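Please consider the sequence and the three-dimensional structure shown below.

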Amino acid sequence: RTGLKVLCVYLPSTVVLIRSMCLYNQDTGLYYDRYLREVIEVLETDPHFREKLQTANTEDIKNGRLSKELDLVGHHVRTRLDELKRQEMSRLRMLLKAKLDSTNTQSLQIDHASMLKQFEHLDPHNQNTFEAKDLELLISTATKDLENYDAERHEEFKRYEMLKEHERREYLRGLDQEKREAEEKRMEELKDKHRHHPKVNVPGSVAQLREVWQETDGLDPHEFNPKTFFKLHDTNGDGLLDEQELEALFTKELEKVYNSKNEEDDMMEMEEERLRMREHVMKNVDANKDRLVTMEEFLKSTQKREFNNPREWETLDDTKPVYTEAELQRFEAELKDKEEELKRRAETLRQEQDLLHERGKALDAQRKEYQQMSQRQNEQPAAADAKQPPTGPHGELQFHQETNKLEDQGTVHAGKCSLRWIRANDVFLGPVRSILHVRGSAYGGRCLWALGAWLMCAFSFLSEVKTPVEQEADTPNNLPAEPPQNLPTHT
């Protein structure tokens, strides 16, 4: 803890941050809070560097002497510091990438080195090793950010109060006249109930300190001693009262006004009240404005006339609102714009969701169609096997001549054979149809061979069969032939 304090010998206000981290384990709210914590903890582990820091001053840091001392730290300390810096650089690159992605920046070439310059708590030119310049930048940036920390907390509370008032008005606007009047009456009763509380002593006054002396420390209020009081509440024994130790003194006063179990009490207002009390004490006691109270400063404050002033502390309820009506209107307009933007985004997302739903339905229909086609293809071989024509003992096709269903009435005489005309659909197309049914089965090869043999027999048969006209021409004519006419007259 001592080493952490001397780290900021030239920047005393940073002690608040370091001590609050180490002693109270509180988040500073800084975006580099973890990096700052780990660097401080690693530097504390080297006793030689901590000893040199105790005797260092601003000139030692500026002229580079501290840098030489940093080079003499243990190898494990330096290695750990280098590793912490590389991790921090990697984290910052991820933050930059997320920021660019959120803004839909379509840039193929991004200069990360130049973009890292916006982060002031480290040296972006040296991204691999931790040097003395990194230490200086880290502490100076933390000090500057801490100076604006209280102002940011006040601004955050103001926005909270405006949001609360906006929601109250919107809620009342949605009620009818009778219910609105009843609700407004109930709210006023809660406000009046909140205002009725015991007297709140001015922070840092003798009445307030004696009350802590009696109720918290369990000592006789008539034996109050400022020097003893200071030592009792210097919880870490470093001879200083920091902001956290001071705020702990206001707990009793705050409990008079706020109770988390009461509907009318707002705990956010309680924290704002605690901040106001601490700022009041620092303004009257912290003479050098280093955000720390020494024993000398504390004893001098007890000699002022304000220390014995018995007046009551004005709470937030007794002061004017933290915002004006114009600020509230601007805030409501900002909320309305954000609401419209959210609606547009929601509509866009809804349309995209509908489009995805339609695409999903189309894909389901295609999937079902493909399944049905696959099922039909699997059923075709089984149907073909069931309809295959009869085969012989060796798998050859057997065809039977159907003479009982002949439809043609003409007869053909060929020598001693008498054949009837057979419809081509029964004789010729029947076997072909059977062949086509079994083309995909195991009998396909044998069927094709049988078809070829059948065609040869069919053509041979047709070549021997004569039509009735041909048969009539072949019939012998017994009539005498006419004598030839106009024969030439020669021997």
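How far apart do the end C-alpha atoms of residues 328-359 lie, and how much of the span is helix? The end C-alpha atoms lie 46 Å apart, and the span is 100% helix and 0% strand. UniProt, in an unreviewed entry, places the feature "coiled-coil region" at these residues, 328-359. UniProt positions are given in the numbering used here, feature names are shortened, and annotations may be inferred rather than shown by experiment.

This is a predicted model, in which local features need pLDDT of at least 70 and side-chain atom pairs count only at pLDDT 80 or more, while totals for chains, interfaces and linings use all residues. Residues are numbered from 1 along each chain as its sequence is written, and side-chain values use heavy atoms, with hydrogens and water left out.

The chain contains 22 helices and four strands; helices (H or I, at least four residues) and strands (E, at least two) are DSSP runs, numbered from the N terminus. Of the 491 residues in the chain, 33% are buried, where buried means under 20% relative accessible area, exposed over 50%, and partly exposed in between (1.4 Å probe, protein chains only).

Over residues 221-256 the chain is 50% helix and 6% strand, with the end C-alpha atoms 19 Å apart. Leu 240 is found in strand β1 (residues 240-241). Is Leu 240 buried or exposed? Leu 240 counts as buried because its relative accessibility is 13%. Between Leu 240 and Phe 298 there is a separation of 58 residues in sequence and 9.6 Å in space, C-alpha to C-alpha.

Attention may now turn to the packing of helices. Helix α3 (residues 33-44) and helix α9 (residues 132-147) pack at an angle of about 125°, and their axes are 11 Å apart. Axes are lines fitted to C-alpha atoms, for helices over the stretch in contact, and angles run from 0 to 180 degrees between N-to-C directions. The contact (heavy atoms within 4.5 Å) is made by Tyr 35, Leu 36, Val 39 and Leu 43 of α3 and by Leu 135, Leu 138 and Ala 142 of α9. These residues divide into seven nonpolar, no polar and no charged. Ala, Val, Leu, Ile, Met, Phe, Trp, Tyr, Cys and Pro count as nonpolar, Asp, Glu, Lys and Arg as charged, and the others, Gly among them, as polar.
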